[in-house]
Amino acid sequence: MLAGSKSTFKVRQMETDIKERLLSQSGMNARGRDVFELRCLPGECVLQRAVMVRKKLTASEGRGWLSGTLFCTHFRVAFVPQDAPKADDNADPILLGDHDVALASIEKVVVVGPNRTKLVTPNSSLKFTPEELVLYCRDLRVVCFLFDRLTPDAQVIEITHAIAKTYQPLKPGSVLSFQNAALGSVEMKQFLSNRRRDAHMNWHESAADWQRELERCGATGWRVSSVNDRFEMSTSLPRFIVVPQKVLDTELKKSFAHFNDGRIPRWCWRHPRGSDLLRMASFQNNIYHEKDDIRNLELILFGCHSSLCVVVELGEELPSTADIQLAHGRLRALCLGDISTSVTVPDDKWLSTLEGTHWLDYTRWCLKKASEVACLLRGGHMTVALQEAEDRDLSCVVSSLVQVMCDPHCRTRRGFQSLVQKEWVTAGHRFYSRGNYHRDNDKEEAPVFLLFLDCVWQLWSRYPSRFQLSDDFLLALHDSAHLPLFSSFLANSQRERSRGSQNLGQCYTPVNGWRDPLHPDSGPEPPDPPLPPVWDWSLRYSERRQAGFTQPVPPASAPRPTLNGNLNADLEAGKPSDASPGSVFLLSRGVFSCPANLLPWRGGVGSGISGVYRKSHRRAPSSESVPGLERLLRARSLTEAPSGPPPDPVQDPYEPLLPLLMGPCVGLWKECYHRGALHAQAFSHPLSANHRHPVELLGREVQRLQERLARACPASSSAETPRPRPAGFADLNHNANNGTFLFPRHHGSASPPKAPPAPSAAPALAAAPKENANKHTFLFGHATDARLGRANSKVPKSNGS
């Protein structure tokens, strides 16, 4: 017995000596410290490290495996490749490298061992040495690290425990500690305070910014008002709003009480044909409307146009925030996968399950509503007012999509950033509540902004040559929304954001009430740590990654000559000639109507308005005007998907980019939602390129038989056209736990077969695994294309379809 123990000890000692010699030969010393050290942020310290680790690369990164060293700090999980260049100590710090994962982005940690998987928590203990570490992130990434046989077991266990203990579910204390870990040092505070914002981007935070936007759009008859400079009229609106020049600030103050949360109609954008886009909340029906109030309200609502106003109701056709949250949760569960559980969706039911999430339906509904508004604005000489109960969620989506469809400037990188600043950040979208970073209010959580990014991607996929920004930019913005580090996403309004960055106290006077101090410099110090805006991309992405945010786009031709912001040519062609002055119509469920109670002060009995002021100084709308408005929508054929090539931007750069609205035409954002799908069902160890997979050998054999059959029967084979096989057929992914084979995948120098298989071979291959369906499942080219492609054409009927 004693002799056996001595022999076992000697064997382990020999293995340790061999590992140390191999580590020293590969550029590492006996303690496991490699020559490529992690460049830490100021105040950042390394908790654990592991050498000889391989990171699995995604499809956008070229696939395969990358060798290097894995680090765990109190801010991130960092991976430094062996071939990475030496970091420049004089360069500006980068919060996250190309292969790093922020601890606040991690949702759960899973380890894979010999024939087992385990979900690791801060209190869990490991009874085996992990071979693979899988990090599931909140932004739908799945990052996979493979420990080499030469990696010391102690390092593997220690770094796994360090990540599990350092990563914590988001809560108020953990978010603040995470921000302090990244930005709380004195050096980082000084570095952030000296950084300058992009001067070429419109931030829409000052009166000069809004005036510049008015000049860019050629919107005459409007002015920038500072009536809400101290957020006294509305705490959710920005400091400066754009209102008609005819309305004075003293008269404007009386209008705030007539709308929910004081969100009065305000200007957003002007179409070159002369139409204006407004946003507003619902009316307060129980407010007494005086005669002067009615005049001011209608001046604001009609803007510079005296003939026509269309109110677009968004609440009846578009999904609620609860529906959006539920659909996104189902989509995450379907696309992300989980190797720690054995519950998976069968491949033959994957598309129907995707359809059941209703995420693609909600995307299509938003695009449809934005298309209707864009076609109305194209008609010219009217105001289109988007009305939502609170004017802080879906109105942001629709107004932004309309401008992306119609304005080429909003399809550039800086123009899109300015658009998000205008319609989301300063307009008062509840980023803090909808993101639920602290996990303290699940009822308010809803990824409305992510739904908007998905809609923009649908337009980008349809018209890629009309966008200067790339899909990589949209993906980076999607991931940044899950990181609680940026001031853009950590407040519900401009008021909260400005007070959070200045922390100014208020003083009380009998005349003015509670007021902010006149000299901000005399206030207390800014809070710790200062949070940068999300548009400071160099803090997170390298120059190489930022270069992929834009793509070349042909310069747009100049629009036709304008007069006071209106096109001179064909103005009357799209304008309803039968619209009477002062007409107000409601667009709901794709139908125009003129209900009597659309405007409360024009209502009848039971509206709560005194009989003296029931009548307006404008005439009531006539139902005869409805056909003229309906012609604007029918002219664009919104009920059918546009066919043929996209419109030529040379003819009219402001022609709206209408999306494909049919159910099968709304695709899944694979680059975002499928980043972790193949990782979750991948090999625990990479395949060798010198050994073919058995299924690949079977495919080659079927290919040879098909070629021989074609040579033997040339007449019959010429009548059939072989279906091309998808790229990457030669290599498969195999999961030893559930025996699932996935296509496609590349390993090293493995190359696909030269000739494609015949159509008749596909059923034979697909039928093979049915003999042992309880152990293995094969996903061949046709199934994989369906799974990674578009949803079923059958879409549930909606009220707004």
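Guide: Two strands count as paired if DSSP finds at least two bridges between them. The model discussed here is predicted.

Visitor: Which strands stand at the edges of the open sheet of six strands?

Guide: The order in this mixed sheet is E11-E12-E14-E13-E19-E20. An edge strand has a single partner, so one side of it is left without a neighbour in the sheet. The strands at the edges are E11 (266-270) and E20 (591-593).

Visitor: In which sense do strands E13 and E14 pair, and which residue stands opposite Val 311?

Guide: Strand E13 (residues 308-313) and strand E14 (residues 383-388) are joined by five bridges in the parallel sense. Within this pair, the residue of E14 opposite Val 311 is Ala 385.

Visitor: Is strand E8 buried on one face or on both faces?

Guide: Six of the six residues of strand E8 (residues 142-147) are buried, that is, under 20% relative accessible area. Val 142, Cys 144 and Leu 146 lie on one side, and Val 143, Phe 145 and Phe 147 on the other. The burial of E8 therefore extends to both faces.

Visitor: Which residue in the turn between E7 and E8 has a positive phi?

Guide: Strand E7 (residues 132-137) pairs with E8 in the antiparallel sense over five bridges. The two strands form a hairpin with four residues between them. The phi of about 75° in this turn belongs to Leu 140.

Visitor: Which residues touch the most other members of the largest nonpolar core?

Guide: This core holds 145 residues. The contacts of Phe 416 beyond four places in sequence include Val 404, Phe 452 and Leu 477. The residues asked for are Leu 401, Phe 416, Phe 449 and Phe 452.

Definitions and conventions: Residues are numbered from 1 along each chain as its sequence is written. This is a predicted model: local features need pLDDT of at least 70, side-chain atom pairs count only at pLDDT 80 or more; totals for chains, interfaces and linings use all residues. Side-chain values use heavy atoms; hydrogens and water are left out. A nonpolar core is a set of buried Ala, Val, Leu, Ile, Met, Phe, Trp, Tyr and Cys residues joined through side-chain atoms within 4.5 Å. Buried means under 20% relative accessible area, exposed over 50%, partly exposed in between (1.4 Å probe, protein chains only). Contact means heavy atoms within 4.5 Å.
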